[in-house]
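Here is a short report on the pockets of one protein model. Look over the sequence and structure first, then read on.

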Amino acid sequence: MIAIEARKLGFMYAGSSSWVLKDIDLEIYEREFVLLAGRSGCGKSTLLRCFNGLIPYFYEGELEGEVKVYGLDTRNHPPYILSQYAGMVFQNPDNQLFALTVEADIAFALENLSLPRDEIRERVDWALKVMGIEDLRDKSPNELSGGQKQKVAIASILAMKPKIIILDEPTSSLDPASAKQLIDTIAELNYKLGITIIIAEHRLDMLLPYVNRLIVMNDGRIVFQGNPRDILEKYDVMPYGVPVPRVVRVAQQLKKTLSGSTISRIPLTVDELVQDIRRWRSGK
Ligand SMILES: Nc1ncnc2c1ncn2[C@@H]1O[C@H](COP(=O)(O)OP(=O)(O)OP(=O)(O)O)[C@@H](O)[C@H]1O
Ligand SMILES: [Mg+2]
């Protein structure tokens with residue numbers, strides 16, 4: 001089933017004279033894990049804003065073409081409706097957390113939906129458990145680490161039970177260990193709960209093992225999209241500002257210098273490269 005569909009999508013911010021998104025055609029299916037990459041300013045955040053109705057509702061400008069979220073045209077459905085399908089997590093969790101306790105923060109959007117009390121309590125408990133942060137329930141968001149705050153921000157989106165979670169550089173303020181932990185938790189939402197994930201991130205090394213589709217953008221357009229292994233095998237994405245993991249670059253070099261059959265696939269992790277080299281040495 002198609003989760004998000006964009007047709008001939010274009011967008012220009014009010015007061016600007018250039019199109020930030022140009023002629024984007026895209027279909028994202030249920031349960032996909034999609035990574036959006038490309039240099040700063042290429043339009044990743046703008047595209048994500050089109051997926052949950054922030055564009056055209058909160059950002060003024062000229063919108064061309066159409067975007068549908070589970071068949072709902074984003075021009076005719078306001079963000080509070082769309083957010084029940086596609087929830088968004090931002091770069092800076094401080095902009096998303098404002099209540100006195102973690103529990104109250106997660107309950108906030110649910111109260112706005114006028115859900116019954118028992119259901120709110122159940123959903124809050126569930127979201128805390130899924131994110132592995134039950135111990136933070138009574139804490140103030142102010143006393144949390146960056147990684148913990150980002151987990152609370154995701155829990156508050158998760159409690160809305162959206163089919164899609166959109167994340168815009170959620171790990172940019174985190175150290176590598178916390179970023180890895182957060183990305184692993186996000187991946188679990190995808191493979192355990194079947195939630196469609198669309199994420200803009202620079203940490204390809206941590207994400208590639210989970211991603212089924214890599215979309216590379218440049219200057220408002222999609223230049224490449226497909227299975228990450230295929231894309232990295234066929235194309236040089238570095239000129240587009242995509243930080244190709246070192247293990248992939250090593251494999252690409254080996255492929256060029258050794259005979260083609262030695263490295264039969266582009267490994268996405270160090271473990272995969274080690275496996276390939278072991279196989280090669282044992283002559284299999
Ligand atoms: N609210 C806004 N008003 C006007 N122009 C904007 C606005 N937000 C972004 N832009 C412009 O749109 C273009 C695309 O920006 P966008 O934030 O979508 O890029 P990005 O790929 O997310 O970059 P980054 O990797 O730095 O987050 C840039 O030229 C930017 O200056
Ligand atoms: Mg951005």
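## Pockets and their linings

The lining of the second largest pocket splits into 6 nonpolar, 2 polar and 6 charged residues. The model is predicted. This pocket has a volume of about 240 Å³. Its lining holds 14 residues, and Leu-232, Tyr-235, Asp-236, Gln-252 and Lys-256 lie nearest the centre. Two or more lining residues come from each of α9 (228-234) and α10 (246-257). The largest share, 5 residues, belongs to α10. Domain 1 (1-85 + 163-239) and domain 3 (245-284) each give at least three residues to the lining of the second largest pocket.

Now the largest pocket. About 600 Å³ of space lies in it. The lining has 21 residues, with Ser-83, Gln-96, Ala-109, Ile-157 and Met-160 nearest the centre of the largest pocket. By class, the lining of the largest pocket divides into 13 nonpolar, 7 polar and 1 charged. Domain 1 (1-85 + 163-239) and domain 2 (99-161) each contribute at least three residues to the lining of the largest pocket.

The lining classes side by side:

| Pocket | Nonpolar | Polar | Charged |
|---|---|---|---|
| Largest pocket | 13 residues | 7 residues | 1 residue |

Terms used:
Residues are numbered from 1 along each chain as its sequence is written. Chains are lettered from A and ligands numbered from 1 in the order in which they are written. This is a predicted model: local features need pLDDT of at least 70, side-chain atom pairs count only at pLDDT 80 or more; totals for chains, interfaces and linings use all residues. Side-chain values use heavy atoms; hydrogens and water are left out. On a 1 Å grid over the protein atoms alone, a cavity is a set of points where a 1.4 Å probe fits but cannot get out, and a pocket is an open set with protein on both sides within 12 Å along at least five of seven lines; lining residues have an atom within 4 Å of a point. Grid points are joined across faces, edges and corners, and a volume is the space filled by probe spheres set on the points. Ala, Val, Leu, Ile, Met, Phe, Trp, Tyr, Cys and Pro count as nonpolar, Asp, Glu, Lys and Arg as charged, and the others, Gly among them, as polar. Domain bounds come from an automatic or database domain assignment. Helices (H or I, at least four residues) and strands (E, at least two) are DSSP runs, numbered from the N terminus.
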